[in-house]
Amino acid sequence: MGILSNLFSKKNAKQPIDFAHFKIDMHSHLLPGIDDGAKTLEQSLGMILKFHEMGYQKLIMTPHIMEDYYKNTPEIILEKLNEVREEVKKYGINIELEAAAEYYFDETLIEKVKNKEVLTFGNNHVLFEFSFGQEPQRISTLLFEFKINNYRPILAHYERYPYYHNNPEKIREYRDQGILIQLNLLSLTGHYGPQVEKMAKYLIDNQLVDFVGSDCHRIEHLQILEENANNIYFHKAKELNLLNVHLR
Ligand SMILES: [Fe+2]
């Protein structure tokens with residue numbers, strides 16, 4: 001193996017990443033008791049404290065809104081946000097908290113977009129996800145509605161959809177249509193398996209990522225990130241022109 005290939009096969013960086021570089025986490029399930037993330041206020045606080053220790057300045061928490069499983073509404077989410085903010089204030093944790101949602105693409109999402117009933121963050125950004133099982137129908141209708149209603153859609157964890165693993169060019173089509181791409185940092189650690197890791201690395205190497213997020217559901221997710229702080233792909237991600245750091 002030559003010097004160059006040695007260099008490129010290197011898995012770990014010399015320095016651990018400073019997660020503070022990512023500044024804002026815009027995908028997590030920290031609001032207690034309303035989805036498959038934090039179950040209690042105590043768990044929420046534990047995770048928020050950990051994010052703070054890692055150097056994050058702001059968390060945009062995005063509980064699932066999924067018609068069949070998590071019937072969350074903006075009212076439910078914002079009420080929980082207030083509850084958590086109060087508690088964080090009480091403990092003097094200096095971190096900014098916001099909430100939006102991770103919208104599952106089901107029949108109801110198109111209607112919500114049409115009626116402008118979706119929670120946004122940043123500059124009218126909306127986080128949404130597809131089914132892991134099969135590519136959804138009517139994607140073009142959804143994209144059209146996002147567009148005419150002036151939303152900026154962000155597709156969550158693109159690397160995790162198995163039906164795109166053998167079609168890496170599909171993402172360019174989406175990006176041309178104005179979809180922003182979010183990648184889970186956990187995907188780069190192998191946490192979701194080798195196929196997802198491979199796709200995640202492809203996206204980073206080809207500069208196809210607009211946002212990185214934790215998708216944190218429990219404190220173990222943050223521990224895994226810390227344990228993998230030397231992952232060279234965290235450093236590569238940091239070098240991309242990520243929109244995380246520009247969110248307001
Ligand atoms: Fe998520």
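Strand E8 (residues 180-184) is joined to strand E9 by three bridges, and the two run parallel. Helices here are DSSP runs of H or I with at least four residues, strands are DSSP runs of E with at least two, and both are numbered from the N terminus. Two strands are said to pair if DSSP finds at least two bridges between them. Gln 182 has Phe 211 in E9 as its bridge partner. The structure is a predicted model, in which local features need pLDDT of at least 70 and side-chain atom pairs count only at pLDDT 80 or more, while totals for chains, interfaces and linings use all residues. Residues are numbered from 1 along each chain as its sequence is written.

E8 and E9 belong to an open sheet of six strands with parallel pairing, in the order E3-E5-E6-E7-E8-E9. The edges are formed by strand E3 (64-65) and strand E9 (211-213); each has a single partner strand, so one side of each is left without a neighbour in the sheet.

A further open sheet contains three strands in the order E1-E2-E4, again with parallel pairing. Strand E1 (24-25) and strand E4 (96-99) stand at its edges with a single partner strand each, so one side of each lacks a neighbour in the sheet. Two bridges link E1 to strand E2 (residues 58-61) in the parallel sense, and Asp 25 stands opposite Leu 59 in E2. E2 also pairs with E4 in the parallel sense, over four bridges, where Met 61 has Ala 99 of E4 as its bridge partner.

In a regular strand the side chains alternate between the two faces of the sheet. A residue is counted as buried if 20 or more other C-beta atoms lie within 10 Å of its own, as exposed if 12 or fewer do, and as partly exposed in between, with C-beta atoms placed from the backbone.

The protein chain as a whole has nine helices and nine strands. Its radius of gyration is 18 Å, close to the 18 Å that the globule rule gives for 248 residues, so the chain is as compact as a globular protein of that length. The radius is taken over C-alpha atoms, and the rule is 2.2 Å times the number of residues to the power 0.38. Along its principal axes the C-alpha trace spans about 60 × 45 × 30 Å. Of the 248 residues, 38% count as buried. Among contacts between residues at least 6 apart in sequence, 78% join residues at least 24 apart; a contact requires C-beta atoms, placed from the backbone, to lie within 7 Å.

Two helix pairs were examined. Helix H2 (residues 41-54) packs against helix H3 (residues 74-90) at an angle of about 60°, with the axes 11 Å apart. This makes H2 oblique to H3. Axes are lines fitted to C-alpha atoms, for helices over the stretch in contact, and angles run from 0 to 180 degrees between N-to-C directions. Angles under 35 degrees count as roughly parallel, over 145 as roughly antiparallel, 65 to 115 as roughly perpendicular and the rest as oblique. The crossing of H2 and H3 is right-handed. A crossing is right-handed if the near helix is turned clockwise from the far one by less than a right angle, and left-handed if anticlockwise. On the H2 side Leu 41, Ser 44, Leu 45 and Ile 48 take part, meeting Val 84, Glu 87 and Val 88 in H3.

The axes of helices H4 and H5 (residues 139-148) come within 9 Å and cross at roughly 20°. H4 and H5 are therefore roughly parallel to each other, and their crossing is left-handed. Leu 109, Ile 110, Val 113 and Lys 114 of H4 make the contact with Thr 141, Leu 142, Glu 145 and Phe 146 of H5.

Most residues other than glycine have a negative phi. Lys 23, which is not a glycine, has a positive phi of about 60°. Lys 23 is found in the loop between helix H1 (3-9) and E1 and is partly exposed, with 15 other C-beta atoms within 10 Å. Lys 116 also has a positive phi, near 55°. Lys 116 is found in the loop between helix H4 (107-114) and strand E6 (125-129) and counts as exposed, with 11 C-beta neighbours inside 10 Å.

Terms used: Contact = placed C-beta atoms within 7 Å.
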